[in-house]
Amino acid sequence: MTLPTEVAAVTSRYLSLADELLPGRVRGVYLTGSIPLGDFHPGRSDIDGVVVVDEPVAEDDVRPIHEKLPERPYFDVTYLTAAALAAPPDRSTPVVYTIDGRFQDPTRAGTVTPVLWSELARQSLAVRAVPGLVVHDDHRALVEHTRDNLTSYWEVKLGELSAAFAERPADEVLPGWIVPWFVLGIPRLHALLATGNMISKTAAGHHGATAFPQYADLCTRAINHRAGNPIAFTVTDVAPTVTFGRTIIATAAEL
């Protein structure tokens with residue numbers, strides 16, 4: 001698979017800096033998320049992945065590398081050892097990782113979940129491969145995590161969305177990312193429970209439109225927005241977005 005131009009440039013720059021500033025320590029770089037799924041949109045998508053290191057790193061070890069990378073696309077990676085990847089995700093161990101280009105609290109270990117492990121094992125793209133790398137891929141743990149995420153995270157976010165815009169004018173234009181984030185994000189989890197497959201956000205929109213045809217128009221608009229088309233969302237889209245999300249969550253409980 002040929003990397004998108006900006007992805008190739010950033011990953012090449014990262015490896016060059018890593019080899020210069022941390023010689024011998026960065027053993028592998030694997031891309032996850034939209035890139036291996038063919039859903040990367042230049043100028044809009046981030047670069048997600050895992051950096052395999054010889055031993056655990058501190059933020060101060062790798063910050064000088066990240067500071068020399070372009071601001072966009074965000075280079076959002078989790079630093080893990082091969083030994084950590086061969087075992088189930090351990091959220092009790094601090095892990096260095098970035099989200100939206102910013103270093104996060106290592107003690108929260110936010111990306112250390114069965115999702116990342118399964119992504120890496122099933123559908124990652126190696127920019128620098130680690131010979132013989134073994135990644136623990138536990139489908140049952142992935143399913144359990146997905147069910148919990150729907151109720152403990154997405155249900156809460158839907159409630160916050162509903163409350164935030166309850167008193168706003170119906171024709172008020174929303175920040176463009178809000179509706180697609182929900183409309184494409186939640187069906188990804190439903191698709192995993194229904195099919196066992198981890199799919200892209202665009203594919204999730206198509207899944208949502210097929211499985212819940214009454215929301216096909218909303219899904220199509222979200223897909224078109226992700227593709228870079230000038231699609232606007234207003235407060236009138238909030239109620240169907242919330243209902244769609246809650247319908248998915250209720251249906252997923254039966255899968």
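Modeller: Here it is, and keep in mind that this is a predicted model.

Biologist: Which residues of α8 are buried?

Modeller: L218, C219, R221, A222, I223, H225 and R226 are buried.

Biologist: And what do those buried residues pack against?

Modeller: Against α6, α7 and α9.

Biologist: R221 is on that buried list. Which residue does the R221 side chain meet in a salt bridge?

Modeller: D237, with an N to O distance of 2.8 Å. R221 sits in helix α8 and D237 in the loop between α8 and α9, so the pair ties together parts that are 16 residues apart in sequence. Both D237 and R221 are buried.

Biologist: How many salt bridges does the count come to?

Modeller: The count comes to 13. One of them joins E55 and R25, whose closest N and O atoms are 3.6 Å apart. E55 is in the loop between β2 and α2, and R25 in the loop between α1 and β1, so that pair ties together parts 30 residues apart in sequence.

Biologist: Is R25 buried or exposed?

Modeller: R25 counts as buried, at 16% relative accessibility. E55 counts as partly exposed, at 43%.

Biologist: What about the peptide bond from R72 to P73?

Modeller: That peptide bond is cis, with omega near -5 degrees. P73 lies in the loop between α2 and β3.

Biologist: OK, then which loop holds D100, with its phi near 55 degrees?

Modeller: D100 lies in the loop between β4 and β5. Its phi is positive although D100 is not a glycine. D100 counts as partly exposed, at 36% relative accessibility. A109 also has a positive phi, near 45 degrees. A109 is in the loop between β5 and α4 and counts as buried, at 0% relative accessibility.

Biologist: Moving on to α4. How many of its ten residues are buried?

Modeller: Seven, so it is mostly covered under the cut-off of 20% relative accessible area. The buried ones are P114, L116, W117, S118, E119, L120 and Q123. The elements covering them include β1, β2, β3, α3, β6 and α5.

Biologist: Now the largest nonpolar core. Which members touch the most others?

Modeller: L150, V183 and F244, out of 33 residues. Elements giving two or more residues to this core are α5, α6, α8 and α9. The largest share, nine residues, comes from α6. There is also a second, separate core of 25 residues, which includes L31, I35, V57 and V96.

Biologist: What does V183 touch?

Modeller: L218, C219, A222, T241 and F244, again not counting residues up to four places away in sequence.

Biologist: Last one: at what angle do the axes of α6 and α7 cross?

Modeller: Roughly 75 degrees, with the axes coming within 8 Å. The two helices are therefore roughly perpendicular to each other. From α6, the contact uses L184, P187, R188, H190, A191 and A194, and from α7 it uses K201, A204, G205, H207, G208 and A211. The contact residues divide into six nonpolar, four polar and two charged.

Technical notes. Residues are numbered from 1 along each chain as its sequence is written. This is a predicted model: local features need pLDDT of at least 70, side-chain atom pairs count only at pLDDT 80 or more; totals for chains, interfaces and linings use all residues. Side-chain values use heavy atoms; hydrogens and water are left out. Axes are lines fitted to C-alpha atoms, for helices over the stretch in contact, and angles run from 0 to 180 degrees between N-to-C directions. Helices (H or I, at least four residues) and strands (E, at least two) are DSSP runs, numbered from the N terminus. Angles under 35 degrees count as roughly parallel, over 145 as roughly antiparallel, 65 to 115 as roughly perpendicular and the rest as oblique. Contact means heavy atoms within 4.5 Å. Ala, Val, Leu, Ile, Met, Phe, Trp, Tyr, Cys and Pro count as nonpolar, Asp, Glu, Lys and Arg as charged, and the others, Gly among them, as polar. A nonpolar core is a set of buried Ala, Val, Leu, Ile, Met, Phe, Trp, Tyr and Cys residues joined through side-chain atoms within 4.5 Å. Buried means under 20% relative accessible area, exposed over 50%, partly exposed in between (1.4 Å probe, protein chains only). A salt bridge is a side-chain nitrogen of Lys or Arg within 4 Å of a carboxyl oxygen of Asp or Glu.
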